[in-house]
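Welcome! Take a moment to look over the structure below, and then we will walk through a few of its features together.

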Amino acid sequence: MFLFFRQTTQNGLVKNGTNVCKKTVSFQQSFSSAYDSLQIYTYYTSCGFLWASYCARYRYYYTTHYRTTYGISYRKEQQCCKGWSQVGDQCTKGK
């Protein structure tokens, strides 16, 4: 028993078929990235002789923030070559 599967592209054309041309298409894509920032929390506590004065204490900690950036990405798409039109999954001579 022999099975044959035809690979098709997103638009239904036979991949690398006759009269099928490749085209580079740009599209906008979002990227998420994380970064940390240092936070300083200041608090006061009793200190000194008989705890008569206050001293500053510091607590350091990091918080994680997220940002979304946008960039241009590229992908290859296949379409019928110039002068040809798509009929089903094939490219036929245009009129």
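This is a predicted model: local features need pLDDT of at least 70, side-chain atom pairs count only at pLDDT 80 or more; totals for chains, interfaces and linings use all residues.

Helices (H or I, at least four residues) and strands (E, at least two) are DSSP runs, numbered from the N terminus. Residues are numbered from 1 along each chain as its sequence is written, and side-chain values use heavy atoms, with hydrogens and water left out.

Ile40 is exposed, with a relative accessible area of 51%; buried means under 20%, exposed over 50%, and partly exposed in between (1.4 Å probe, protein chains only). Together with Leu38, Tyr58, Tyr60 and Tyr62, Ile40 makes a nonpolar surface patch of about 610 Å². Strands E1 (20-47) and E2 (53-80) each give two or more residues to this patch, and E2 provides the largest share, 3 residues. Such patches are made of residues with over 30% relative accessible area and no salt bridge, like charges being joined within 9 Å and nonpolar side chains (Val, Leu, Ile, Met, Phe, Trp, Tyr) within 5 Å. The areas come from the Shrake-Rupley method with a 1.4 Å probe, and for residues only the protein chains shown count as cover.

Next, how many salt bridges does the structure hold? There is 1 salt bridge, a term for a side-chain nitrogen of Lys or Arg within 4 Å of a carboxyl oxygen of Asp or Glu. Arg75 forms a salt bridge with Glu77, their closest N and O atoms lying 3.1 Å apart. Arg75 is partly exposed at 35% relative accessibility, and Glu77 is partly exposed at 27%.
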